[in-house]
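I am opening a notebook page for a structure that is new to me. I want to set down what I look up, one entry at a time.

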Amino acid sequence: MKKTLLIVALALLTSLTASAQFQKGKGYVGASLTGLNMSYNGGDGFNFGIEAKGGYILANNLMVLGSLSYQHNGNDAVADHFTVGVGGRYYIIQNGLYLGVNAKLLHANHNYNDLMPGVEVGYAFYINRSVTIEPAIYYDQSFRKHSDYSTIGLKVGVGVYLFDD
């Protein structure tokens, strides 16, 4: 019973602190770890990646994002690759649940290029007024070779919402 009350209290506290976080005019910076064998596609072995993001909230609950990432995996055809991308997030409810869409241009070391649109569902869990832990489930669609390079996975990030006050 005590654990249940504690969980309910934390959920209420999180939703109260998050109520003003997704307002127009706020900036965002974030970083995440992807892979760690938490993703799957047909052609990869060991998988590890890092990603950096920057964004701006254009309207309440609506953010535009830019991203850069590096991914290492055990596939000989596409061993290491870099991506640059743009996207957006819509915060469904004020406690941090969001839907994201993006498009990435992937470049690998063996003259491999791919355009990869993607979607994600995540949650911005606030640990203080502006810092979040952001787990997300994502799917990136490969136009080059769907069966080997389209990816579904889990990533965990840290986000910082920048305030002007």
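Is K53 buried or exposed? I looked this up first, keeping in mind that the model is predicted. K53 has a relative accessible area of 14%, and because buried means under 20%, K53 counts as buried.

**Entry: the chain as a whole.** I noted 2 helices and 9 strands in the protein chain, and from the N terminus on I read their order as α-β-β-β-β-β-β-β-β-α-β. Of its 165 residues, 41% count as buried. The chain exposes about 9000 Å², and carbon and sulfur atoms supply 70% of that area. Among contacts with a separation of 6 or more, residues 24 or more positions apart account for 53%.

**Entry: salt bridges around E120.** I searched the whole structure and found 5 salt bridges. In one of them the side chains of E120 and K53 meet, at 3.6 Å from N to O; this pair links distant parts of the chain, with E120 in strand β6 (residues 112-123) and K53 in strand β2 (residues 47-59), 67 residues apart. E120 also forms a salt bridge with K155, where the closest N and O atoms are 3.3 Å apart, and here strand β6 is linked to strand β9 (residues 151-162), across 35 residues of sequence. I then saw that salt bridges with shared partners join E51, K53, E120 and K155 into one network. E120 is buried at a relative accessible area of 6%, and K155 is buried, its relative accessible area being 6%.

**Entry: D140 and K104.** Another salt bridge joins D140 to K104, with the closest N and O atoms 3.2 Å apart; D140 lies in strand β8 and K104 in strand β5, 36 residues apart. I looked up the accessibility of both partners and found D140 buried at 8% and K104 buried at 13%.

**Entry: N102.** N102 counts as buried, with 18% relative accessibility.

**Entry: E134.** In strand β8 (residues 131-140) I looked up E134, which counts as buried at 4% relative accessibility. Its side chain makes a polar contact of 3.1 Å with that of R89 and another, of 2.8 Å, with that of T132. Beyond four places in sequence, the residues that E134 touches include Y28, Y98, Y123 and K155.

Terms used: Residues numbered from 1 in each chain as written. Predicted model: local features only at pLDDT ≥ 70, side-chain atom pairs only at ≥ 80, totals over all residues. Heavy atoms only, no water. Helix = DSSP H or I, 4+ residues; strand = E, 2+ residues; numbered from the N terminus. Buried < 20%, exposed > 50% of the residue type's maximum accessible area, 1.4 Å probe, protein only. Contact = heavy atoms within 4.5 Å. Areas by Shrake-Rupley, 256 points an atom, 1.4 Å probe, with all protein chains shown as cover. Polar contact = N/O pair within 3.5 Å; in protein donor to acceptor, adjacent residues only side chain to side chain. Salt bridge = Lys/Arg side-chain N within 4 Å of Asp/Glu carboxyl O.
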